[in-house]
Every structure is written in structure tokens, then in C-alpha cells.
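Visitor: I would like to learn how to read a model like this one. Please take me through it feature by feature.

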Amino acid sequence: MIKTVNLNKTYTTEEVETTALNNVNLEIKEGEFISIMGPSGCGKSTLLNIIGLLDNPTSGEFYFMGTEISKLNERQRAQMRKGNIGFVFQSFNLIDELTVYENVELPLLYLGMGSDERKARVSAALESVQIVHRSGHFPQQLSGGQQQRVAIARAVVAGPKLILADEPTGNLDSTHGEEVMNLLTQMNEAGTTIAMVTHSPADAEYSQRVIHLFDGHIVTENFIQSHYIHSDKAEEETAVEAVVEAEAPSETEADA
Ligand code: ADP
Ligand code: MG
């Protein structure tokens, strides 16, 4: 779904030149859930914004669903973004003047969707994050956890193929953070590809692969162990058998 080849991003201001990304080669397959980790300032958000077609690389190639993005003009890129990508940010980024319902409806208005379909889609999205009862509220009347659920509803309402989340639990306590991670997992299980920036090793555990960035380049890529076992039924059964075998003798001892 996504492929970058020697991706570079340099920010130039009057005084300094900052290399935010340095020869990043990354592939994300359809249906994957990956995490991007690394210290502050290492280029995580820059990478996510380029993947999300919000920003352009300085050099290198970027393929999104088979299309090399530098070949598209601004309008074509916006079109591609609107239909295919949903964003979730650390600070929720809801529009304060709009109700929950209107916030979630907004991406569909941009897509020019008819009102019946909009209504059905917004209702379904609000239901999927269990916030229907707050449809008429304004963002400021909600807790952080509720606001992030609305933001997730907004991200998924148009049925995107890809969700990009930049520290989605960064402003939440652990209970609400877990809720958000469970929702993202649910979206991934329904087939949506997810790339998430996180500082939290616990959050990264929800994903299948972790990409570690340092100073603008990828230093390591790890597959999460639990997903190895998860994806391999035979291995899982062997593991269960091993546990049963290990426990059996001690039970006999206890009985005796
Ligand atoms: P992270 O998300 O990992 O904290 P960022 O991708 O936001 O890091 O930033 C990477 C580097 O690029 C940092 O050194 C940051 O200061 C710099 N940077 C990011 N955005 C800009 C910008 N718009 N102008 C200049 N420098 C920027
Ligand atoms: Mg960042």
C-alpha cells in the first residue's frame, strides 16, 4: 500500500537547515498495523505527514497505492487523501464550533456525499465508537477520551483504507488510552491499514510491527512477538499444549 525509496525531508529556514528524514525506506502492506517510535524530534510526525499526503518529501520516491505521488498535482493529491486516509491526532483537532455530529459529518461534506448516505454513515461511525448519546454536544463539553473517540469516528466515517494516528493516546489517561487502542485494533481487524506514532511501548504492543526512527532514519524494525504466535495457529496450539503439559504434573503433585 505504501512504499518509500530513499525518502528525504529537509526544512530550511533563514538560519538553519534541519534534516528531518534521511533516506527512509519503508514498506507498509495493506491490512498491517505498524507503530513508529523514537525520541522527540527524530522525524516521526514528518514521516506520518508525508505518508498522509499532507507534506511533500524534499527528495526520494513515495508510492501510495501504486501511484508515485510526486507525479500528482496538489488537487489530485487532495482528492487521493480525502477518499483514502483518515487522521487521528494527539490533540484531537475537533472543530469547537461544530457539534459531535457535525464534526464527524464534515469529511463527507468535503466528498460531496448526499444527505441520506451522510446520515447513515455518521450514525454508524458514532455507534462504532459508542458516542451516539453525545451527538449534539460540542467538543469542549466532552472528556479527552470522548473527544478522541469522536476524532476516530471522523477518521473512519468515509471508509478510509489507511488510518494515520500521531500519538493518539498522548493526552489521555491509561483507561481512555486503552479504549482508543482497542478501537484502532477493531478498525484494523475490519481491514483498515494503520500507521501510528507512539511513545508508549504498551500501545506499540497492539501493532504488528515497530519501526524505530533515530535522527531521521530507520534504525530497527521489530515484529511484535505476540502477533507471531497469533498469526500462526499451529504455533499457538503447540504453545498451549506445552503449558498444559507443564501444569499437569504439578496438579498431580498437589492432589497427592
Ligand atoms: P517528531 O515527531 O519525531 O518529534 P518531527 O517530525 O516533528 O519530529 O520533527 C523532525 C525535525 O524536523 C525536528 O528537528 C523538528 O524541529 C524539525 N521540523 C519539523 N517541522 C518543521 C518545520 N515546519 N520547520 C522547520 N523544522 C521543522
Ligand atoms: Mg511528533
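Guide: Start with strand pairing. Strands of a sheet pair through backbone hydrogen bonds, either parallel or antiparallel. In this predicted model, strand 1 (residues 2–12) and strand 4 (residues 59–64) are joined by 5 bridges in the antiparallel sense. Threonine 4 faces phenylalanine 62 of strand 4 across that pairing.

Visitor: How many bridges join strand 4 to strand 5?

Guide: There are 2, and strand 5 covers residues 67–68. This pair also runs antiparallel. Tyrosine 63 sits opposite glutamate 68 of strand 5. The two strands make a hairpin with 2 residues between them. In that turn, methionine 65 has a positive phi of about 45 degrees.

Visitor: In what order do the strands of the open sheet lie?

Guide: The order is 2-1-4-5, with antiparallel pairing among the 4 strands. Strand 2 and strand 5 are the edges; each has a single partner strand, so one side of each lacks a neighbour in the sheet. As for side chains, in a regular strand they alternate between the two faces of the sheet.

Visitor: Next, the ligand. Which residues are around ligand 1?

Guide: List the shell, then sort it. The shell holds Tyr11, Thr13, Thr18, Ala20, Gly38, Ser40, Gly41, Cys42, Gly43, Lys44, Ser45 and Thr46. By class, 3 are nonpolar, 8 polar and 1 charged.

Visitor: Which element gives the largest share of that shell?

Guide: Helix 1 does, with 3 residues. Helix 1 spans 44–51, and strand 2 (17–28) likewise supplies at least two residues.

Visitor: Now helices. How should I read helix 5?

Guide: Begin with geometry. An α-helix has 3.6 residues a turn, so residues three or four places apart point the same way. Helix 5 (residues 144–156) has 13 residues. From first C-alpha to last it reaches 18 Å, close to the 18 Å expected at 1.5 Å a residue.

Visitor: Why is helix 5 described as largely enclosed?

Guide: Count its buried residues. Of its 13 residues, 11 are buried, so the rest of the structure largely encloses helix 5. They are Gln146, Gln147, Gln148, Arg149, Val150, Ala151, Ile152, Ala153, Arg154, Ala155 and Val156.

Visitor: What covers the buried residues of helix 5?

Guide: The cover includes two strands, strand 6 (85–89) and strand 7 (162–166). It also includes helix 3 (100–110), helix 4 (115–128) and helix 6 (174–189).

Visitor: Which residues of helix 3 are buried?

Guide: Val100, Tyr101, Asn103, Val104, Glu105, Pro107 and Leu108 are. The buried residues of helix 3 pack against helix 2 (74–84), helix 4 and helix 5. Just past helix 3, glycine 112 adopts a positive phi of about 75 degrees.

Visitor: Last, the whole chain. How many helices and strands are there?

Guide: The protein chain has 9 helices and 10 strands. Buried residues make up 35% of its 256 residues. Then check contact range. Among contacts between residues at least 6 apart in sequence, 68% join residues at least 24 apart.

Note on methods: Residues are numbered from 1 along each chain as its sequence is written. Chains are lettered from A and ligands numbered from 1 in the order in which they are written. This is a predicted model: local features need pLDDT of at least 70, side-chain atom pairs count only at pLDDT 80 or more; totals for chains, interfaces and linings use all residues. Two strands pair if DSSP finds at least two bridges between them. A residue is buried if 20 or more other C-beta atoms lie within 10 Å of its own, exposed if 12 or fewer, and partly exposed in between; C-beta atoms are placed from the backbone. Two residues are in contact if their C-beta atoms, placed from the backbone, lie within 7 Å. A residue is near a molecule or strand if its C-beta atom, placed from the backbone, lies within 6 Å of it. Ala, Val, Leu, Ile, Met, Phe, Trp, Tyr, Cys and Pro count as nonpolar, Asp, Glu, Lys and Arg as charged, and the others, Gly among them, as polar. The expected span of a helix is 1.5 Å times one less than its number of residues.
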